[in-house]
Amino acid sequence: MLEPSRQGLPPLDPAAVSDAACCALSAGHEAVPEARHFTRGTLDAWGLAERFDDVCLVVSELVTNALRHALPAVRSHGPAPDPGPAIRLHLMRWTGRLVCAVRDPSRDHPVVRDADALPDDRAESGRGLFLIASFSDGWGWHPLAGTLGGKVVWAQFRLADEGG
């Protein structure tokens, strides 16, 4: 089993975050464009528009993975423990780094494929975590405790020093 990975995850102390934004997403196909739109607006507001392409690709993959893998598992095992939106996108900025995190109601861990097991060039799925790892500076996941249940899958990006 893939162990929860917290290595490289910034501290979750809200006082340490210089900016944070959260968006509840629908549980349907419209969630990915909603996430892209929210990400563009947030990065523009934070003066990080130049990072949009890489961050948007990773956010799209995180949300797609939640839709494909987390929601079907919850539907087959009964209702989600959280009566609120099934998927939430969180963007957090610290000095020198940006974290994108997607919360979903499933406790199932992400499954990383071996590089040799990746689909061929024509396949339309199967590369999500590989893309997340390739375009971000690190990623991981951790289960949520308490009544929330589910998990958070996150990716982080290094940002240029604000003074330089």
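A disulfide is taken here as a pair of cysteine sulfur atoms within 2.5 Å, and by this rule the count comes to 0 disulfides. The structure is a predicted model, in which local features need pLDDT of at least 70 and side-chain atom pairs count only at pLDDT 80 or more, while totals for chains, interfaces and linings use all residues. Residues are numbered from 1 along each chain as its sequence is written, and side-chain values use heavy atoms, with hydrogens and water left out.

Cys23, at 15% relative accessibility, counts as buried, and Cys56 is buried with a relative accessible area of 8%; buried means under 20% relative accessible area, exposed over 50%, and partly exposed in between, with a 1.4 Å probe and protein chains only.

Turning to the fold, the chain holds 3 helices and 5 strands, where helices (H or I, at least four residues) and strands (E, at least two) are DSSP runs numbered from the N terminus. The elements follow the order β-α-α-β-β-α-β-β from the N terminus on. Of the 164 residues, 43% count as buried. Among contacts (heavy atoms within 4.5 Å) with a separation of 6 or more, 67% are between residues 24 or more positions apart.

A search of the whole structure finds 3 salt bridges, each defined as a side-chain nitrogen of Lys or Arg within 4 Å of a carboxyl oxygen of Asp or Glu. In one of them, Asp19 pairs with Arg93, their closest N and O atoms being 2.2 Å apart. Because Asp19 lies in strand S1 (residues 19-25) and Arg93 in strand S2 (residues 87-94), this pair ties together parts that are 74 residues apart in sequence. Asp19 is partly exposed at 22% relative accessibility, whereas Arg93 is buried at 14%.

Lys151 and Asp104 also meet in a salt bridge, at 2.9 Å from N to O, linking strand S5 (residues 151-158) with strand S3 (residues 97-104) across 47 residues. Lys151 is buried at 6% relative accessibility, and Asp104 is buried at 3%.

The side chains of Arg158 and Asp137 form a salt bridge at 3.5 Å, N to O. Arg158 lies in strand S5 and Asp137 in the loop between helix H3 (128-135) and strand S4 (138-143), so the pair joins parts 21 residues apart in sequence. Here Arg158 is exposed at 58%, and Asp137 is partly exposed at 34%.
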